[in-house]
Every structure is written in structure tokens, then in C-alpha cells.
Amino acid sequence: MVNFKRPLTVLKNFLPILLILIIYGCASMKSPEGGPKDTTPPKVLKMEPADLTTNFSGQKIVITFDEYFNLQNEFKEFSISPELEKAPELKKNQKKLEIIFKDSLEKNTTYTLNFGKAIADVNESNVLKNLTYAFSTGPVLDSLTLSGVVINSLTDKPQYDATVLLIPLERDTIFGKKRAPIFTSTDSSGRFKLKNLRNDTYRIYALNEGQSGDKIYQQANDEVAFLKDSIVLTKNIDSIQLILFKEDPKQFRIVDKKINTDGHISMIFNQKLEKPRLTILDHPDLDQSKIIHFNKNRDSVRIWLKELTFDSLKIHLENDSKTLDTISFSRDKKETYTKSIQVNDNTFNGFLNPFSSLKLQFNMPIEKIAMDKIKLLEDSIPRTNFTFVKDTSDLLTYIFQYPWKKKPSYTISFPEKTITALGDVTNANEIKKFVKLGNSDDYSTLIMIVEVPDSTQQYLIQLVNDRKEVVKTEIVTKNTTIRFANYKAGTYLARIVYDRNKNGKWDTGNLDDQSQPEKIWVFPNELIIKENWERTVNLTIKKE
């Protein structure tokens, strides 16, 4: 006879264990990780009433999206044109956005709602840009369009995400003070389009804003573009070109001023100075002995004084014989300063450009150097046939000259108390510099055969490296050949400035006098310079 009790008993004992395993397994299950990042902004599923509605008489508009969304910076981003005395209320309701009018609407008027960048999805904050909704309270809807492109003056390339502002001529005084109600953003091609405009006369601007994003021009931070002439809009226009530029500051301002921990005075200005002059007003003895060092752009200055015993100090600043400011400094007589000599050099990762001299730049003026104490080792062999002389173009820089060789490693040492700086400050510890000569094969030459469109004009040919730094500028007035010799291999650009006033520099625009920046054209081909190579390029400058 078959015994059924034993299998049943085993199963009965096993069931609790099986149940525990199932529960544990379920508890241990994880949601799938990874997957592509959501980059899609919310999509409009429905508008009630429909976009471009005529004879509108309601008090509310409802826009339904395909996902949950957030409203961000709505007071900066949302606008209605024409403006209402009481702004509409934006209200979220699940996946719906309700626009509720708090003010009465004018008869036979087209209104355009612009949401800017106010709508973004919940998870990744993907922004739905340039969503607009238009309706008319009468039987006719304004339908004129204005479109074009925004170009960055320095790169000669389209400007992405610039804000284009359109202001009716009679309200142009609000520019720089209030936000324009009609605006849009440029796409990746720098293109923009303003729709549902009425027959009117307008002024148009573009901004590439800094941190504020408030669509109000702030000269200190923003780039601006404008058309000098107003636009009489009677038909669609699609050929507007706006050139963005950064204005020079209208008023001189000192951005920063301080007495540093080593006792020297520094100031940073908001603009470059042409012919600056500093005078210490209340201490003639300090004025006579002061040492001044302006940086290359002359937009900052460092001042060293032999005595730091003053309570207060006034410095008069001029530019080209015109007074800019009188700056006051004060100090506590108990303040002490820590001075130490520091040295930088012009090597790159310890390698010296074989076509350049070794330059050492000090952090303070040097009064005396004990030349007999300086040591140079070529590998481990002492060398004495070097010179160490002051650079006549920079009071803080010295040039170390020696017939460097390719393979050896060099050590330059300044033993303790070799260098004496202003105020009898000496180097308390030995200073060492380690140098190797770069390989000349790593450097190359670029030859440009330049053809100008107009020999009565002047052009600046600028060689720009991959860090967007101008490494060399040549002035050209006729067909010529330019040789850029001994440059590090890499990728460069040729930027051409149409130097209208022939002053040898690029001049930006000015909003007050309605002047545009000098035109810049960037040669379309990248200039790739290979190691130990000489490249020749034909550069035919376009007509302005």
C-alpha cells in the first residue's frame, strides 16, 4: 500500500521555505537601470480654443500637454502682446495649462501669447522653446511675419539661443528699461521668426544675455545687436540680419581695488586705457618713488611703494590727460605684510620653445641680482656662458640667454639671497627652474598668399589658436605674402578685420551713436598645421 503521508509531510514542511524565497526574491527585484536620457520637451496635444482663433470672447485658454510639466521663470519668460494692465494668470492643472485673463480685451485686436522658456518637463527640465498662441477678438487675425538671422560679430557664425526683441517705434524708450512684449529665441542656425504681427513701424534688437536672462539689456554683461533704421512692416520680411557685439563700457569704473597681503596696491578697470597716468596726491615722496606696472591690455595696474606707513592714500588716475577718478585707500598701522619672491617662466610643461628666449617673470620689482651666485647645470655639468638681463619692455621680466641643446636637461638655481626685490626683500630659499629645449620638429610655418579686394582699405589678418586666442596680427593694405613662422603644430583660424578707421584694432559698435562693429570675416577653412611642415594657403579676402 502506497504511503501518501510522507510526501505530503515533506511538501508541508517545504512550503514555508518556498514562500520565504519568493517574498525575498520579490523584495530584491530592482528597477531596470540605465537607458537613454529623456531629451524631449513636453508636446502640445490640444489648444482650447484652437490656435489662431478669431472672434475670441472667452476668459480662459487651456493647453494640454503629453506629460506633466513645470512653469519656470514665468514672470521673465511669459508675455502677451499687446500688454494688458493686469497680466494673465498661468495655472497648472495636471497636464493642462490654464491661461486666465484678469483684464478685459480690446475689440478687433490680435493678441499673441509668448511662453519663451517657461515650460519644461518635470524629470529632466527639457524646455519647450518659443511656444506661441495667437487669437483675435475680431474677425481678422494679424498675420505678418518677420524673420532673419543673428550673427556673432567676433566668430562670424550664427548665434544660438539669442533673444530677438521687437518693439513698436512709439514705445522704443522701454529698451534697456523694461522687457519687450514681442520676443523669440534663435535656433541652432541663428534663425528666428516672429509671427502674427500687425502692420506697424518697429525697432528690432537682439541680446546674448549673461546670468540675468530677464530680456532687458544690461551693457555690463550682455551682447547686443540692432538695426539702425526702423522697420516699416507692411508685408512679410525674411531678410533681417543682426550682428551681435559687446559694447565698450560707456562710463569708466574701477571693478576692484585693494592693498594686497604683500603690500602692493592693485586695481582692475572695466575698460582698456590708452595713455594712463597715476599720481599719488597726498604723499609727494611716495609719488616720486612709486613703481607702476600696467598689464598688456592696460586694464589693470599694480603699484609698489617703498614705504607702507601711511594711514590713508589718494591716487589720481588719468587717461590721455583726462581725469577718470580719484581712488582712496586706507590701512591700519598695525597691519603687517608678508613678502616673498616668486618666479614664473614661459616654458610649457617645462619645455622651452626652441625659437624663443627663456623669460622669467617676478611678482615684484627686482632691485639687485647677485649674478655670480646664479648656477646653470646642463645635465649635471656646470655652465657659465649664459646671460641674465632685464627685459626692456617689461620691468618684471628678465631674459635668460644660453645656447640650449636638444637632449640635456637644465637646472637654473638662484641660491638663498641671490635676488633682492623692492624693500630689501630677498629670496629666503633657493629658487630652481627646470628646463628642456622643445623639439623644433614640433613647430611649423604657415604661409598666406593674401589678395585684398580694395587696396585703399586696411585689413587685419589675425591668426587664432584653438583656445580662441589671437597669437599674431598682421596689417595688410595690398596683395602680399605673410609668413607665420615657428608656431606649435595645431589647428588655427584666420580672422580678417575690415579696419575701416585704420587704427590697427577691431572697433566694436555703439548703441548711443548707432554705429555697428567693424566687420569680421573668418576664413571658412580650418588651418591645420602639422609638425615640421610648411603649409601655404591662398587667402582671398571677401568684399565687405
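Guide: The lining of the second largest pocket divides into 11 nonpolar, 16 polar and 7 charged residues. This is a predicted model, in which local features need pLDDT of at least 70 and side-chain atom pairs count only at pLDDT 80 or more, whereas totals for chains, interfaces and linings use all residues. Residues are numbered from 1 along each chain as its sequence is written, and side-chain values use heavy atoms, with hydrogens and water left out.

Visitor: What makes a residue nonpolar, polar or charged?

Guide: Ala, Val, Leu, Ile, Met, Phe, Trp, Tyr, Cys and Pro count as nonpolar, Asp, Glu, Lys and Arg as charged, and the others, Gly among them, as polar.

Visitor: What makes a region a pocket, and which residues line it?

Guide: On a 1 Å grid over the protein atoms alone, a pocket is an open set of points with protein on both sides within 12 Å along at least five of seven lines, and lining residues have an atom within 4 Å of a point. The second largest pocket has 34 such residues, and Thr112, Leu194, Lys195, Asn196 and Leu197 lie nearest its centre.

Visitor: Which strand gives the most to this lining?

Guide: β15 does, with 7 residues. At least two lining residues each come from β4 (79-81), β7 (110-114), β10, β14 (182-185) and β15 (191-197); strands here are DSSP runs of E with at least two residues.

Visitor: Why is Thr132 called partly exposed?

Guide: Buried means under 20% relative accessible area and exposed over 50%, with partly exposed in between (1.4 Å probe, protein chains only). Thr132 has 21% relative accessibility and therefore counts as partly exposed. Thr132 belongs to strand β10 (residues 132-136), and, residues up to four places away in sequence not counted, touches Met47, Asp51, Leu113, Asn114 and Lys195; contact means heavy atoms within 4.5 Å.

Visitor: Is Thr64 buried or exposed, and why?

Guide: Thr64, at 12% relative accessibility, counts as buried. Thr64 sits in strand β2 (residues 60-65). Beyond neighbours within four places in sequence, its contacts include Lys43, Leu45 and Lys95.

Visitor: How do you know that β36 and β37 pair?

Guide: Two strands pair if DSSP finds at least two bridges between them. Strand β36 (residues 419-421) is joined to β37 by 2 bridges, and the two run antiparallel. Thr420 stands opposite Thr426 in β37.

Visitor: Why are β30 and β37 placed at the edges?

Guide: The open sheet has 3 strands in the order β30-β36-β37, with antiparallel pairing. β30 (366-369) and β37 (425-426) each have a single partner strand, so one side of each is left without a neighbour in the sheet.

Key
Helix = DSSP H or I, 4+ residues; strand = E, 2+ residues; numbered from the N terminus. 1 Å grid on protein atoms, 1.4 Å probe; cavity = no way out; pocket = protein on both sides within 12 Å on 5 of 7 lines; lining within 4 Å.
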